[in-house]
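Me: I have a model open and want to learn how to read its features. Can you take me through them one by one?

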Amino acid sequence: MDHISRFPDGVLHHILSFLPTKDVLRTSILSKRWKLVLDTYPILDFSWGDCAGQSSDAMYSENASDEYRQMLTKFMNYVDTSIFRFCKYKFSMQKFKLFLVLPDLELSSHLDKWVQKVIENGAKEVDFGIDLPGYLHFKKPYSMPDAIFAAKSVTVLKLFGCNVKLEESFCIKLHSLQKLALKEVQMDDHLLRRIVTCCPLIEDISLRFCWGLKKIQVFELLRLKKFEIYSHLSKPESVEIKSPSLESFHCSFTVRSVKPIVSVDACQGLKSLILSGSFVTELLLQDLVPKFHVLESLRVGDCPVLKKVKISSWRLKSLEIHSCENIMDIEINTPNLLSCKYCGSVVPVSLINAPSCHWQVEFSLMNTLDILWYMTLKEFLAKLNQLVYLHVYVYLTTIMYLCGFSKRALSCCNHRKVKCWRHDLKEVKLGSFVESADGMVDYNRMTSSFFWLVKGHTHCKMEWEL
């Protein structure tokens, strides 16, 4: 007997919310009961890319075939029918998600109509994305209707691939908004400040690859907990956040010429800090980190200007440094650090005070190595009390020296409670990215002298017994 079908609609809707959209749609063929449940399901998810089954060339081409346009028209009619049925019977809409790949904006009137209906229905979450081919996506994006910013019931607003402009006289009424996520959205500084000012309940702001923003300012949001900004197109001059409740700040600029002034000094409650880009310097880190007395997690990556990392913190528990190609020196005074991950191409000179830290180390090396490099690596690893993972990508040269670190009788740390990295080394494996007969080569099967592998890019993996 089917007991699940007897559950109230609200319970079944909650169960369906954990399933992918395709699986949710399949439940309609189970029985009439499930079809009725689906008709009132408050989460409307329309993703054209998943339904179309078309190649990326067909989807992102201005010269889309007639067949593709016919399929797109049918899909949009389906969206039309679903939305208007919901509104006609006054069903409650919890979430509306739409992602469309359009060859042009000839059908934009449909989009305007959907936005209006969704807002009138009182949807709590709106996720709206429009992708256009080539230059249209950035030069002539879809213009988002003003009505979206007068949605009093919306708590989560996500927009992708659109242009946002509002008249100065327009009254923003996003009074319930808690999360704002904008990706590849065109807007200016003044509009962002207006939105922030009119939405006092915001807890999470995400700006990903937006353009038109020069001086980003977020002030006096008493509930803001998370702010992130990624950029690879625009060239902002400054990012200034003043929110005492902020706990997580992520700032990443991929263009090397972009060096904005970043100010988050007023966010004394910051617990997580992620910085990436040419604006990250030794002085910036030395100035920022000590100001955050409750900072627990710090991540620094893709910082081509950074040559030295000097960090002193009693509260820091997690640290990650990756892809900083010019870094030469690391000085860490973090007695309560629990985990640290270092990924780079240079073995840094180090001064480390982190007795309980578990280290993960990765090196990606394209140049031929010599004995000096291995000695430098040995000195660096000797300073890490608890190395739990080491991965070195190198060309097949003197890799045998690295393998020689394992399977040897060690007595250097027998009298110590905390052993050095070489103790409890379980095995070393070598593998080539070029096809070979054996694939991975187990250290146990290697001879004590030289061995043969195919020429090419080889990686070495070392595993420890915990």
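Me: Let me start with one residue. How accessible is Arg299, and what does its class mean?

Reply: Partly exposed is the class between buried, under 20% relative accessible area, and exposed, over 50% (1.4 Å probe, protein chains only). Arg299 has 34% relative accessibility, so it counts as partly exposed. Keep in mind that this is a predicted model: local features need pLDDT of at least 70, side-chain atom pairs count only at pLDDT 80 or more, and totals for chains, interfaces and linings use all residues. Residues are numbered from 1 along each chain as its sequence is written, and side-chain values use heavy atoms, with hydrogens and water left out.

Me: Which side chain does Arg299 meet in a salt bridge?

Reply: Side chains of opposite charge can pair when their charged atoms come close. The cut-off here is a side-chain nitrogen of Lys or Arg within 4 Å of a carboxyl oxygen of Asp or Glu. Arg299 meets Glu320, at 3.6 Å from N to O. Glu320 sits in strand β17 and Arg299 in strand β15, so the pair ties together parts that are 21 residues apart in sequence. Strands (E, at least two residues) and helices (H or I, at least four) are DSSP runs, numbered from the N terminus.

Me: How many salt bridges does the structure hold?

Reply: The structure holds 10. One of them joins Lys225 and Glu247, with the closest N and O atoms 3.9 Å apart. Lys225 is in the loop between β9 and β10 (226–231) and Glu247 in the loop between β11 and β12 (248–253), so this pair links parts that are 22 residues apart in sequence. Lys225 is partly exposed at 37% relative accessibility. Glu247 is partly exposed at 29%.

Me: Which residue forms a salt bridge with Arg315?

Reply: Arg315 pairs with Glu296, and their closest N and O atoms are 3.8 Å apart. Arg315 lies in the loop between β16 (308–312) and β17 (318–322), and Glu296 in the loop between α10 (282–288) and β15 (297–301), so the pair ties together parts that are 19 residues apart in sequence. Arg315 is partly exposed at 37% relative accessibility, and Glu296 is partly exposed at 25%. Salt bridges can also form networks: Asp265, Asp287 and Lys291 are linked in one.

Me: What does Lys242 contact beyond its neighbours within four places in sequence?

Reply: Lys242 is in contact with Val218, Phe219, Glu220, Leu221 and Ala266. Lys242 lies in strand β11 (residues 238–242). Lys242 and Ala266 are 24 residues apart along the chain, yet their C-alpha atoms are separated by 5.2 Å. Lys242 is partly exposed, at 40% relative accessibility.

Me: Which residues of helix α9 are buried?

Reply: In α9 (residues 189–197) they are Asp189, Leu191, Leu192, Arg194, Ile195 and Val196. These buried residues pack against β7 (179–183), β8 (204–208) and β9 (215–219).

Me: What fraction of the protein chain counts as buried?

Reply: Of its 466 residues, 46% count as buried. The chain's secondary structure comes to 12 helices and 25 strands. Among contacts with a separation of 6 or more, 50% join residues 24 or more positions apart.

Terms used:
Contact = heavy atoms within 4.5 Å.
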